Amino acid sequence: LKFSDAALIELRRHRMGMVFQNFALLPHLNVLENIAFPLGIQGQDRPTREKRAREVIELVGLRGREHFYPRELSGGQQQRVGIARSLATKPEIWFLDEPFSALDPLIRREMQDELMRLQTMLHKTIVFITHDFDEAIRLADRIAIMKDGEVIQIGTPEQLVVNPATDYVAEFTRDVDRAKVISARSLMRACAGAEHGGVVAPDAKISSFSADIVSAGKPFAVVNGTGKPIGEVTPQAVIDLLAGIERSGANA
């Protein structure tokens, strides 16, 4: 696809929201003014843009700080301003360029939670850039791994971990906590007729029931939406996964 300069400007102003790594707030503007700034670029009048700015201030939990300046805010609060500003224009595509990498781990996790909360409300198409694969696993439905400027594999977190397309992807995902990524569906075998100690959904992550299945000492049935067993996961398969023992095919 090719865009003229004018078309690209139009896309960025009206259809794309951008959140930057370094916050990129204007220091001489307060929270309300920073968030309303892109609406002014669009030519909206002051009452309209301030009304919209107050709506997104409420959305990101910054009510009461409308007249604070960036220097008076914590890092997490500054990034909330950046998020609110990017949403002010009601973008179709939300582009986040390593937005939390400058935050300490506790605030970073808090902002990840905030992003997921907003997504459940807004249902935006999000492109999230990160070098942290654990962050990608936590946030993404699908992940694209790039090397030397090229996308070398696209898939769900589970697909990338279970079936890496290249040695680079395998190395990239090597230290991932597999129990948080791999589902019962990937680890199940055909039911062998043994008594089951519990039931799990096919998409349930191993980490969500690993303690229970090991404690029960019996296989757990994997059931579909109607409650019909479609396979089972054994305690030994879970123990092997937690221990990092590779298994070929379905568990035995």
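## About the model

The model is predicted, with local features needing pLDDT of at least 70, side-chain atom pairs counting only at pLDDT 80 or more, and totals for chains, interfaces and linings using all residues. Residues are numbered from 1 along each chain as its sequence is written, and side-chain values use heavy atoms, with hydrogens and water left out.

## α2 against α3

Helix α2 (residues 31–41) and helix α3 (residues 46–59) have axes that come within 9 Å and cross at roughly 125 degrees. Axes here are lines fitted to C-alpha atoms, for helices over the stretch in contact, with angles from 0 to 180 degrees between N-to-C directions; helices are DSSP runs (H or I, at least four residues) and strands likewise (E, at least two), numbered from the N terminus. That makes α2 oblique to α3, oblique being what is left after under 35 degrees (roughly parallel), over 145 (roughly antiparallel) and 65 to 115 (roughly perpendicular).

On the α2 side, V31, L32, I35, A36, L39 and G40 touch α3 residues R49, E50, R52, A53, R54, V56 and I57 (contact means heavy atoms within 4.5 Å). That contact has 8 nonpolar, 1 polar and 4 charged residues (Ala, Val, Leu, Ile, Met, Phe, Trp, Tyr, Cys and Pro are nonpolar, Asp, Glu, Lys and Arg charged, and the others, Gly among them, polar).

## α2 against α4

With helix α4 (residues 75–87), the α2 axis comes within 7 Å and crosses at roughly 35 degrees. Here V31, N34, I35 and P38 of α2 meet V81, A84 and R85 of α4.

## The largest pocket

The lining of the largest pocket has 18 nonpolar, 4 polar and 5 charged residues (a pocket is an open set of points on a 1 Å grid over the protein atoms alone, where a 1.4 Å probe fits, with protein on both sides within 12 Å along at least five of seven lines; lining residues have an atom within 4 Å of a point). At least two lining residues come from each of α5 (105–122), β3 (125–129), α6 (133–139), β4 (143–147), β5 (150–155) and α8 (167–172).
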